[in-house]
Amino acid sequence: MENQELIKQVTEKAEKWLTPAYDAETQAEVKRMLENPDKTELIECFYKDLEFGTGGLRGIMGAGSNRMNIYTVRKATQGLANYIIAQKAQAKGVAIAFDSRHMSPEFADEAALCLAANGIKAYIFESLRPTPELSFAVRHLGCAAGINVTA
């Protein structure tokens, strides 16, 4: 793809992040990238959506569809919610754990809110938990899934 076409596509995608659906801090970060004559950062942050792989959803923190932020966490959680609803397993709920790393508690809360908005009960730990405790909780509570927010 020609560079000018790529810049046009990422600019259009980024401009959607300037709407009231996004918080002021995120909007300011996106605006800064859009105004920067060097479009390298803008391209890196918006050229694709962050992918969910075998290690989960991983990426650099920041604004953009290719970054870890509350919006990409919500999008991934909505995908899980859609699957749970398709399986008619909403009543089973989802257990959510988090660790001490930056934004882990906030991302866990965002995931819980997204699930609740879809009518899916979220069992969120009150404090840090190791992965084995989440695995136990999923089985003990009979949950449809578990979410572990780390790194």
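Visitor: Which residues are buried in helix α6 (residues 131-141)?

Guide: Please bear in mind throughout that this is a predicted model. In helix α6, which comprises residues 131-141, the buried residues are Leu 134, Ala 137 and Val 138. They lie on the same side of α6, because they cover an arc of only 100° around the axis. The other side of α6 presents a contrast: Pro 132, Phe 136, Arg 139 and His 140 are exposed there.

Let us now follow the chain beyond the helix. After α6 comes Gly 142, which has a positive phi near 70°. As a general rule, most residues other than glycine have a negative phi. Lys 88 has a positive phi of about 55° although it is not a glycine. Lys 88 is placed in the loop between α4 and β3, and it is exposed, with a relative accessible area of 73%. Met 103, likewise a residue other than glycine, has a positive phi near 75°. Its place is in the loop between β3 and α5 (104-117), and at 25% relative accessibility Met 103 counts as partly exposed.

Cys 143 is buried, with a relative accessible area of 10%. The closest cysteine sulfur to that of Cys 143 belongs to Cys 114 and is 16 Å away, which is too far for a bond. Cys 45 is also buried, its relative accessible area being 2%. Under the rule that the two sulfur atoms must be within 2.5 Å, the count of disulfides is zero.

Leaving aside neighbours within four places in sequence, Thr 77 is in contact with Ala 111, Cys 114, Leu 115 and Ile 147. Thr 77 counts as buried because its relative accessibility is 5%, and buried means under 20%. Lys 75 is found in helix α4 too, but this residue is exposed, with a relative accessible area of 53%.

Finally, we return to α6 by way of His 140, one of its exposed residues. Lys 75 and His 140 are 65 residues apart in sequence, and their C-alpha atoms are 27 Å apart in space.

Conventions: Residues are numbered from 1 along each chain as its sequence is written. This is a predicted model: local features need pLDDT of at least 70, side-chain atom pairs count only at pLDDT 80 or more; totals for chains, interfaces and linings use all residues. Side-chain values use heavy atoms; hydrogens and water are left out. Buried means under 20% relative accessible area, exposed over 50%, partly exposed in between (1.4 Å probe, protein chains only). Contact means heavy atoms within 4.5 Å. Helices (H or I, at least four residues) and strands (E, at least two) are DSSP runs, numbered from the N terminus. The arc is that of the directions from the helix axis to the C-beta atoms.
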